[in-house]
Amino acid sequence: MATHIQPEGLADKGIAGETVDPPVRRERKFGSGVEILLLTIFMVVMLFPVIWMLETALKETKDIYAVPAKVFSFSPTLDHFQNVFSSDSPVFKGFVNSVIVAGFSTLIATVLGVPAAWAYSRFTLKAKKDQLFFILSTRFMPPVVVVIPVFLMFRDLSLLDTRLGLVLVYAAFNLPFTIWMMKGFIDEVPAEYEEAAMLDGFSRFEAFWRVTMPLLIPGIAATAVFALIFSWNEFVFSIFLITDPDTRTAPSAIAGLIGGTTIDWGLVAASAMTFAVPVLVFAFLVRKHLVAGVTLGAVRR
Amino acid sequence: MANTLQTPPQSAPQAERLEAPPAAKRFAFLTDRKLSFLFISPAMALLLFLSIWPLLWLLGLSFTDYSATRDSGWGWIGLDNYIEVLTSPVVHARALTTLVFVVGAVALQTILGFTIAFLISRRVKGRGAITTLFLIPMMLSPIVVGLFWKFMLDVQFGVVNSFLDSLGLGRVEWLTQQRLALFSLVIVDTWQWTPFIMLIALAGLTAVPKYLYEAAEIDRASEWFKFRRITFPLVWPLLLIAIMFRAIEAFRLFDLVYILTGGGPGGTTETLSFNVYKVAFFGFDTGLASAYGILMVVVVTIAAQFYLRYLNRLQES
């Protein structure tokens with residue numbers, strides 16, 4: 001009977017106090033505190049420039065040049081953003097042109113790229129792998145080098161200073177990406193769907209158009225968004241191929257702001273923020289495909 | 001009784017209805033061969049027109065003394081341009097600058113990117129939000145990044161110097177002092193592209209199967225052992241892909257130099273890309289710039305082939 005009686009205090013702990021936390025636990029907790037601290041530091045460093053630029057865009061001009069820098073104590077104003085969108089703004093036209101150029105080049109790249117990607121995905125072609133590698137390696141060419149012959153070519157075709165020229169260049173620049181990215185999406189749609197449709201009497205083209213295509217819409221949307229971001233952000237071609245203030249795109253218009261002797265940093269910051277926000281929104285929309293997108297469709301999980 | 005063995009009379013018309021009339025075969029004239037040609041050739045045509053043809057043109061120009069500003073008179077000069085580029089001490093200096101930049105920036109990005117990815121992968125809560133915030137710099141245009149940092153690193157009213165000042169340290173000429181300017185470029189490039197390495201490393205880290213860690217746990221393996229023998233070997237191939245990709249991009253660096261330093265001070269931040277630009281658009285020596293460019297294209301193509309072959313081997317295994 002006495003064996004049934006447990007010493008006081010051990011009642012909740014089970015036999016031999018097994019449930020006492022092993023020391024590893026505590027060490028882990030301490031370690032995770034350090035980890036959180038490190039992550040926070042990294043995060044502050046990474047985000048500070050963005051926040052600082054946003055603050056600059058919202059500050060009054062005299063606060064921008066204040067020494068020491070005013071981090072918290074400033075009165076916000078929307079003047080600089082108003083200047084970006086005003087009628088005599090040097091950058092507003094650039095934004096409009098950027099929308100046109102990015103939009104049309106993405107459209108062309110998508111219309112040409114999706115069928116090509118489908119053909120590469122479904123058919124056995126001669127040296128298919130080499131062709132695909134070749135297509136992607138054109139994207140790795142240094143832009144400054146490619147721009148030399150393109151510049152001469154456009155001069156002969158009088159495409160310099162035109163939006164059409166830039167649209168074509170960006171379409172060619174986005175095509176390798178579109179093909180690779182879309183091939184990944186198409187590979188995920190079983191070819192059996194099309195074969196089944198062809199057994200039902202559809203032709204190959206109809207099977208592609210009516211069966212596979214509807215399934216590809218989300219993939220096409222994601223690919224197009226990336227192409228849009230790439231053309232929107234592109235800088236080298238835009239400054240070399242267009243110098244005319246009426247047709248130039250936003251990157252070269254914004255770069256033009258720092259060319260003079262005095263720089264209106266408030267306007268620069270507001271323009272840069274206006275330029276960056278659409279990209280961030282779009283990137284957020286396609287965040288699920290970001291790994292494939294930023295590696296030009298080469299790495300897929 | 002015999003009736004039940006017979007097939008029900010209703011089934012006959014049903015079977016007949018199942019035989020659907022053959023759908024109209026529109027576009028049947030498009031055989032697979034024609035279709036693949038029709039689908040691929042427009043894309044190829046655009047690439048030929050704006051990627052391949054320019055490169056061939058560049059190759060042709062590289063053997064001439066053509067100049068874009070004087071249209072009359074140019075002649076074949078054979079390999080002279082190549083010899084000039086390869087023996088020029090300026091080009092050697094620029095190549096060294098580029099190499100220092102590529103190695104410095106990519107190494108820093110890899111270490112930081114992998115560290116951040118590793119830290120994030122150990123978090124359970126808020127992983128998505130943290131990752132999204134970290135990715136912001138990568139999505140920005142180089143022009144935006146360049147301007148952010150040009151403003152922040154300004155000698156007089158830049159916020160970095162302002163902080164240094166209030167800490168009692170002196171002001172630093174980040175972009176106009178020799179040696180330091182290249183370091184500033186490395187810092188800015190690292191700021192922008194660390195998220196890239198982080199994103200890919202994170203994809204690799206989250207793909208490591210949990211059971212490996214559990215097995216190691218049973219064997220009472222140390223954290224360091226788990227990292228060295230499980231985490232790192234499994235993430236390394238993907239990390240290498242990211243590193244090669246970044247190295248190729250860093251080799252082509254132009255935009256940050258253009259905005260931040262303009263190649264100065266004293267040419268210490270002039271990368272190969274920027275030097276080509278100067279030769280082509282300031283020296284107007286188009287032939288020489290073409291030879292220069294072709295040599296860069298050769299380097300990039302070799303690097304890209306390595307990258308793509310490795311990627312291919314990885315996907316097949």
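1. In this predicted model, A:K62 is an exposed residue, its relative accessibility being 60%. Its salt-bridge partner is A:E60, with 3.4 Å between the closest N and O atoms. A:E60 is partly exposed, at a relative accessible area of 28%.

2. The side chains of A:D130 and B:R309 meet with an N to O distance of 3.7 Å. A:D130 belongs to helix α5 (residues 128–137) of chain A, and B:R309 to helix α15 (residues 286–316) of chain B, so this pair joins two chains. Both ends are partly exposed: A:D130 has a relative accessible area of 43%, and B:R309 has a relative accessibility of 40%.

3. Within chain B, attention may be drawn to B:K226 and B:E223. These two residues form a salt bridge whose closest N and O atoms are 3.4 Å apart. They stand three residues apart in helix α12 (residues 223–251) of chain B, which means that about one helical turn separates them. B:K226 counts as buried, at 8% relative accessibility, whereas B:E223 counts as partly exposed, at 42%.

4. The pair just described is part of a wider arrangement. A network of salt bridges links B:E223 and B:K226 with A:E35, B:R122, B:R123 and B:E217. One of the bridges involving these residues is that between A:E35 and B:R122, where the side chains meet at 2.7 Å, N to O. Over all chains, the structure holds 21 salt bridges. In general terms, side chains of opposite charge can pair when their charged atoms come close.

5. Chain B contributes 101 residues to the contact and chain A contributes 104. About 9,200 Å² is buried between chain B and chain A, and carbon and sulfur atoms give 81% of that area. B:F39, B:M139 and B:F151 supply 8% of the area that chain B buries against chain A, more than any other three residues.

6. Twelve residue pairs are in polar contact between the two chains, both residues of each pair being at pLDDT 80 or more. On the side of chain B that touches chain A, helix α3 (residues 32–61) gives the most, with 20 residues. The residues of that side comprise 73 nonpolar, 16 polar and twelve charged.

7. A residue in a loop of chain A may also be noted. A:T247 lies between α10 (236–241) and α11 (250–256) of chain A. Is this threonine buried or exposed? A:T247 counts as buried because its relative accessibility is 10%, which is under the limit of 20%. Apart from neighbours within four places in sequence, A:T247 is in contact with A:N97, A:D161, A:R163 and A:I242.

8. Finally, a record bears on chain B. In an unreviewed entry, UniProt lists residues 95–307 of chain B as "domain: ABC transmembrane type-1". In the model, the chain over residues 95–307 is 76% helix and 0% strand, and the C-alpha atoms at its ends are 21 Å apart.

Conventions: Residues numbered from 1 in each chain as written. Chains lettered and ligands numbered in written order. Predicted model: local features only at pLDDT ≥ 70, side-chain atom pairs only at ≥ 80, totals over all residues. Heavy atoms only, no water. UniProt positions renumbered as here; feature names shortened; annotations may be inferred. Helix = DSSP H or I, 4+ residues; strand = E, 2+ residues; numbered from the N terminus. Buried < 20%, exposed > 50% of the residue type's maximum accessible area, 1.4 Å probe, protein only. Contact = heavy atoms within 4.5 Å. Salt bridge = Lys/Arg side-chain N within 4 Å of Asp/Glu carboxyl O. Buried area = accessible area lost by both parts, 1.4 Å probe. Polar contact = N/O pair within 3.5 Å; in protein donor to acceptor, adjacent residues only side chain to side chain. Nonpolar A, V, L, I, M, F, W, Y, C, P; charged D, E, K, R; others polar.
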